Amino acid sequence: MEDEELAMKAAKRRERQSGPGRTLHDAEALESGDADIGFCGWLLVGMSLLLMVVTLPISIWMCIKIVKEYERAIIFRLGRLLRGGAKGPGLFFILPCTDSFINVDMRTITFDIPPQEVLTKDSVTVSVDGVVYYRVQNATLAVANITNADAATRLLAQTTLRNVLGTKNLAEILSDREEIAHSMQSTLDDATDDWGIKVERVEIKDVKLPLQLQRAMAAEAEATREARAKVIAAEGEMNASRALKEASLVIAESPSALQLRYLQTLNTIAAEKNSTIIFPLPLEMMQGFIKH
């Protein structure tokens, strides 16, 4: 899968480089730079070799260099890239006076995207920050095609974050962080391909809302919860009234059911409220008083 992705990127790079007005060169052209140093160049190289031979063994310590496992060395001979591309890891040989080299770190580098004030699609101002993981994939392009690949990647990440979030509304920013991060990674990876940079991962760290907006959202959520609670209470009252109606219909069918309900109520009161004194009276006596 990774090989297919690299092949597609190489094809895109060749397509872009074949367009009109293209000034950047691909890695193969850059790595064959010492083939055309001219007669004077070869003369200087010969003199440098002669100087090295004359000053042996002292000069050997100036000609042998070491790069670590995670580094690559880009050698320039008379200002041109030395054929063969990046050297390392381990020992490599340079000529005094005519050769110079630059070490490039190939390890994964991380940096934080500073908080960016972004105006979303629905006109809400939010502050968003993130983190980017990238590494140098082609040391030759990272040195020859850009002055400072690290600073350029940092600035491009800030701009990309603002551009991507500007096309989203607030709800999408809060819920679709993974999709936004993937879109940023794809955009950054395509833009830094000519610099020899591989963007491995982008993550959105935090989304900060204005204080007034936080209060408004909290009030809206509280109002929504209160409305839901009122609806649930109303539904409960409606169900209870229906049950009471059905119970009244059952009691109306049998007069003795009312007497049993009366005795059950007395039993409940005696069990729960022991300090209350109840004097039960027959319902027939109450009806006599009502008639008088």
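Everything described here comes from a predicted model. Tyr70 sits in the loop that links β1 (64-67) to β2. Its C-alpha atom is separated by 5.5 Å from that of Met106, although the two residues are 36 places apart along the chain. Setting aside neighbours within four places in sequence, Tyr70 is in contact with Val104, Asp105, Met106 and Arg107.

**The sheet around β2**

Between β2 and β3 the antiparallel pairing runs over two bridges, and Phe76 finds its bridge partner in Leu81 of β3.

**The sheet of β6, β7 and β8**

Another open sheet has three strands in the order β6-β7-β8, again with antiparallel pairing. Here β6 and β8 are the edge strands, each pairing on one side only. On average, neighbouring strands of this sheet are turned by 25° against each other, with direction ignored. β6 and β7 form a hairpin with five residues between them, and Ser123 in the turn has a positive phi of about 65°. Nine bridges join β6 and β7 in the antiparallel sense. Two of the facing pairs are listed here.

| Residue | Opposite residue in β7 |
|---|---|
| Thr110 | Tyr133 |
| Val118 | Val126 |

**Helices on the sheet**

α6 lies across β6, β7 and β8, and runs at about 35° to β6. α8 also packs on the sheet, where it touches β6, β7 and β8, and its direction makes about 145° with that of β8. How far apart are the end C-alpha atoms of α8, and what span should its 15 residues have? At 1.5 Å a residue the helix should span 21 Å, and the ends are 21 Å apart, which agrees.

Which residues of α8 are buried? They are Ile180, Ala181, Met184, Leu188 and Asp189. Viewed down the axis of α8, these buried residues fall within an arc of 160°, so they line one face of the helix. On the other side of α8, Glu178 and His182 are exposed.

In soluble globular proteins, nonpolar side chains tend to be buried together. The largest nonpolar core in this model has 35 residues, and Val126 and Val132 have the most contacts inside it. At least two residues each are supplied by β2 (71-77), β6 (109-119), β7 (125-136), α5 (139-144), α6 (149-165), α7 (170-175), α8 (177-191) and β8 (197-208). The largest share, six residues, comes from α6.

Not counting residues up to four places away in sequence, Val126 touches Gln116, Glu117, Val118, Thr120, Leu170, Ile173, Val207, Lys208 and Leu209. There is also a second, separate core of six residues, which includes Val67, Ala73, Ile75 and Phe92.

Terms used: Residues are numbered from 1 along each chain as its sequence is written. This is a predicted model: local features need pLDDT of at least 70, side-chain atom pairs count only at pLDDT 80 or more; totals for chains, interfaces and linings use all residues. Side-chain values use heavy atoms; hydrogens and water are left out. A nonpolar core is a set of buried Ala, Val, Leu, Ile, Met, Phe, Trp, Tyr and Cys residues joined through side-chain atoms within 4.5 Å. Buried means under 20% relative accessible area, exposed over 50%, partly exposed in between (1.4 Å probe, protein chains only). Helices (H or I, at least four residues) and strands (E, at least two) are DSSP runs, numbered from the N terminus. Contact means heavy atoms within 4.5 Å. Two strands pair if DSSP finds at least two bridges between them. Axes are lines fitted to C-alpha atoms, for helices over the stretch in contact, and angles run from 0 to 180 degrees between N-to-C directions. The expected span of a helix is 1.5 Å times one less than its number of residues. The arc is that of the directions from the helix axis to the C-beta atoms.
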